[in-house]
Amino acid sequence: MAAYRHFSNKEALTQHLCAQLYTDFTERVFQRMDPAKDAEAQLGVFIATLIEFAVAYPDHYSLIFLVRHTDAEVIAEREQLGEKFLAVIHELIRKLLPEETPASESNIRLRQVVMCLHGAAALLIAHPKAYGLTKARAIRETQDSVARILAH
C-alpha cells in the first residue's frame with residue numbers, strides 16, 4: 001500500500017516503472033554506441049544491445065516495449081520517450097542511406113529496422129528453440145537483415 005501514496009493507481013505505478021526502465025535502457029544503449037567509429041558500427045551496437053537486454057531482462061523488455069496502456073497521458077508519455085530515442089536511430093539510418101534518399105523512404109527503413117529487431121528479440125524471448133535461435137545468432141542474423149534492408 002505504500003506505493004499508492006506516491007501513485008494514484010496500478011497503471012500509474014506501471015507507467016513510472018516503464019518510463020524509468022526505458023530511460024535506463026536508452027542511456028545504456030547510448031553509452032555503448034558512443035565509442036563506435038561510424039554509423040554502421042553504432043547501429044550494430046544498438047542491435048546487439050537491444051537483443052542482449054531482451055535476453056537478460058525479458059520482463060523489463062516486455063514492460064518497456066509490449067505492455068499496452070489505455071490512459072491517453074501514459075500513451076503520450078511513452079510516445080514522447082520513444083520519439084527521442086528513435087530520432088537518434090533514424091539519424092544513423094539516414095547516414096547509411098544514399099544522401100538523396102527522401103525522408104519518406106528513410107522513415108520506411110526505420111520502421112523496417114525496428115520491426116526486424118523487435119521481432120527477433122520477441123522470438124528469442126518466447127520461442128528460441130522453435131526458431132533455432134541463440135543470442136549470438138539472433139544478433140548476427142538481425143545485423144545481416146538490417147544491412148539488407150538498408151541496401152535496398
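The axes of α1 and α2 come within 9 Å of each other and cross at roughly 140°. The two helices are therefore oblique to each other. Their crossing is right-handed. From α1, the residues in this contact are Phe 25, Arg 28, Val 29, Arg 32 and Met 33. They meet Gln 42, Val 45, Phe 46, Thr 49, Leu 50, Glu 52 and Phe 53 of α2.

**Model and confidence**

This is a predicted model. The mean pLDDT of the protein chain is 88. Of its residues, 95% reach 70 or more. Confidence is lowest in α1, where the mean is 82. It is highest in α6, at 97.

**Overall layout**

The protein chain holds 6 helices and 0 strands. Along the sequence the pattern reads α-α-α-α-α-α. The C-alpha atoms fill a box of roughly 55 × 40 × 30 Å along the principal axes. Of the 152 residues, 34% are buried. Contacts between residues at least 6 apart in sequence were also sorted by separation, and 66% of them join residues at least 24 apart.

**Helix packing**

| Helix pair | Axis distance | Crossing angle |
|---|---|---|
| α1 and α2 | within 9 Å | roughly 140° |
| α4 and α5 | within 10 Å | roughly 115° |
| α5 and α6 | 10 Å | about 165° |

How are α4 and α5 oriented, roughly parallel or roughly perpendicular? With axes crossing at roughly 115°, α4 and α5 are therefore roughly perpendicular to each other. α4 passes α5 in a right-handed crossing. On the α4 side, the contact uses Leu 86, Ile 89, His 90, Ile 93 and Arg 94. On the α5 side, it uses Ala 103, Ser 106, Asn 107, Arg 109, Leu 110, Val 113 and Val 114.

The pair α5 and α6 packs at about 165°. These helices are therefore roughly antiparallel to each other. Their crossing is right-handed. α5 contributes Arg 109, Gln 112, Val 113, Cys 116, Leu 117, Ala 120 and Leu 124 to the contact. α6 contributes Lys 135, Ala 138, Thr 142, Ser 145, Val 146, Ile 149 and Leu 150.

**The nonpolar core**

In soluble globular proteins, nonpolar side chains tend to be buried together. The largest nonpolar core in this model has 33 residues. Those with the most contacts inside it are Leu 43, Phe 46, Ile 51, Ile 89, Ile 93 and Leu 150. At least two core residues come from each of α1 (10–33), α2 (39–56), α3 (58–65), α4 (72–96), α5 (103–126) and α6 (135–151). α2 gives the most, with 9 residues.

Take Leu 150 in more detail. Setting aside residues up to four places away in sequence, Leu 150 touches Leu 43, Ile 93, Leu 96, Leu 97, Arg 109 and Val 113.

Leu 50 lies in helix α2. Is Leu 50 buried or exposed? Its relative accessible area is 1%, so Leu 50 is buried. Beyond residues up to four places away in sequence, Leu 50 touches Phe 25, Tyr 61, Phe 65, Leu 117, His 118 and Ala 121. Leu 63 sits 13 residues from Leu 50 along the chain, and their C-alpha atoms are separated by 14 Å.

Thr 142 lies in helix α6. With a relative accessible area of 3%, Thr 142 is buried. Which residues does Thr 142 touch, not counting those up to four places away in sequence? They are Ile 47, Ile 51, Cys 116, Leu 117 and Ala 120. Thr 142 is also one of the α6 residues in the contact with α5.

Thr 14 is in helix α1. Its relative accessibility is 19%. Buried means under 20%, so Thr 14 counts as buried. Leaving aside neighbours within four places in sequence, Thr 14 is in contact with Leu 63 and His 69. Thr 14 and Leu 63 are 49 residues apart along the chain, yet their C-alpha atoms are separated by 8.2 Å.

Methods:
Residues are numbered from 1 along each chain as its sequence is written. This is a predicted model: local features need pLDDT of at least 70, side-chain atom pairs count only at pLDDT 80 or more; totals for chains, interfaces and linings use all residues. Side-chain values use heavy atoms; hydrogens and water are left out. A nonpolar core is a set of buried Ala, Val, Leu, Ile, Met, Phe, Trp, Tyr and Cys residues joined through side-chain atoms within 4.5 Å. Buried means under 20% relative accessible area, exposed over 50%, partly exposed in between (1.4 Å probe, protein chains only). Helices (H or I, at least four residues) and strands (E, at least two) are DSSP runs, numbered from the N terminus. Contact means heavy atoms within 4.5 Å. pLDDT is the predictor's confidence in each residue, from 0 to 100. Axes are lines fitted to C-alpha atoms, for helices over the stretch in contact, and angles run from 0 to 180 degrees between N-to-C directions. Angles under 35 degrees count as roughly parallel, over 145 as roughly antiparallel, 65 to 115 as roughly perpendicular and the rest as oblique. A crossing is left-handed if the near helix is turned anticlockwise from the far one by less than a right angle, and right-handed if clockwise.
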